[in-house]
Amino acid sequence: RFYHTSTSHLCSCSKTVSDEKYQDPFQLGRKDLKNLYEDIKKELLVSAAELKEMCDYYFDGKGKAFRPMIVVLMARACNIHHNNSREVQASQRSVAIIAEMIHTASLVHDDVIDDANSRRGKMTVNQIWGERKAVLAGDFILSAASVALARIGNTTIISVLTQVIEDLVRGEFLQLGSKENENERFAHYLEKTFKKTASLIANSCKAVSILGCPDPKVHEIAYQYGKNVGIAFQLIDDVLDFTSCADRLGKPTAADLKLGLATGPVLFACRQFPEMNAMIMRRFSKPGDVERARKYVLQSDGVQQTTYLAQRYCHEATREISKLRPSPEREALIQLTEMVLMRDK
């Protein structure tokens, strides 16, 4: 279904945004994200010095704040669509803060599960403070996010955002399992990708749309945009694991293969090199498996096919968000789909 053989199928989203309408999402979202990390640290008020140090370590203000930025841009786009309001509500900005907290807590826990030693170009929390303390720090950030969520005082929003936490756990369990059937394998991979990465973006977008606009159609547009962008983001992440250098990426390359994971480029490559099936089933555990699998992927069109698939998801995200009334924020969200495809780290 996803297999393309020529570049004529490539769907480019760049035509959607003319030069006059170009909006830099980071510039446009910056004022709403001012003091974002300081506000997160206020949520993490803690007396234990070591726990505070661990929490501050990732919230150093050097992250791209990609998720909070999507959330505030979506909030503005929905508010303008509904009643031409140009302001972001305090509760909508809280959703952006909570999204970044949940995301960071999941990174801390992921690094423990994967025994990772670098993240964002520096040592992981588990490498510096040890696994046990890292797990507790992740739990603490998650609990602080839950308190901030309860403070919004809207049961629908609580329900939407707690779904993210459930999906993160289910996604991690999906990642620990694997499918023997080749067709099931790709569906399993996309479901895991949605739960581990896209659910947070989709449900955060939905939450701010609910706070800003009563129309269920708008809630669905926001959700679908977030879902499609989130899946595309992860597909490109999986491509970069093969094509980017470790210094650029801020974490080791071929990391997924070393963890025994078959991502999009591997699953597509498997169609050209069926001998990879055995390696996938044993989770690249034999000596030389990782190097061989990497070589097969780079010899195949696995990277290209995964990129095509990401383009299709971005095209769908653009189609969805284009249903909203025109606004600079809507154009920035369209531009963001292009940035997701073009990123190199």
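A residue counts as buried when its relative accessible area is under 20%. In this predicted model, Cys205 has a relative accessible area of 0% and is therefore buried. Cys55, with a relative accessible area of 1%, falls under that cut-off too and so is likewise buried.

A disulfide is a covalent bond between the sulfur atoms of two cysteines, and a search of the whole structure returns 0 of them. For a disulfide to be counted, the two sulfur atoms would have to lie within 2.5 Å.

Attention turns next to the aromatic side chains. Across the whole structure, 6 aromatic pairs are found. One of these joins Phe186 and Tyr189, whose ring centres are 5.7 Å apart; because their planes meet at 85°, the pair is edge-to-face. An angle over 60 degrees is what places a pair in that class. The two residues belong to helix H9, which spans residues 182-212, and they stand 3 residues apart there, so about one helical turn separates Phe186 from Tyr189. Both partners, Phe186 and Tyr189, are buried. Elsewhere, Tyr57, Tyr58 and Trp129 come together as one aromatic cluster.

Tyr57, a member of that cluster, also takes part in a contact of another kind: Lys122 lies over the face of its ring, at 4.0 Å from the ring centre.

Rolling a probe the size of a water molecule over the atoms shows where empty space is left. The structure holds 1 cavity of 30 Å³ or more, and the largest cavity contains about 180 Å³ of space. Its lining is made up of 15 residues, and those closest to the cavity centre are Gly177, Ser178, His188, Leu261 and Ala262. Helix H8 (155-176) and helix H9 each contribute at least two residues to this lining. H9 gives the most, with 4 residues, and this is the helix that also carries the Phe186 and Tyr189 pair.

How values were computed:
Residues are numbered from 1 along each chain as its sequence is written. This is a predicted model: local features need pLDDT of at least 70, side-chain atom pairs count only at pLDDT 80 or more; totals for chains, interfaces and linings use all residues. Side-chain values use heavy atoms; hydrogens and water are left out. Rings of Phe, Tyr and Trp (its six-membered ring) pair if their centres lie within 6.5 Å; planes under 30 degrees apart count as stacked, over 60 as edge-to-face and the rest as tilted. Buried means under 20% relative accessible area, exposed over 50%, partly exposed in between (1.4 Å probe, protein chains only). A charge sits over a ring if NZ of Lys or CZ of Arg is within 6 Å of the ring centre and within 35 degrees of the ring normal. On a 1 Å grid over the protein atoms alone, a cavity is a set of points where a 1.4 Å probe fits but cannot get out, and a pocket is an open set with protein on both sides within 12 Å along at least five of seven lines; lining residues have an atom within 4 Å of a point. Grid points are joined across faces, edges and corners, and a volume is the space filled by probe spheres set on the points.
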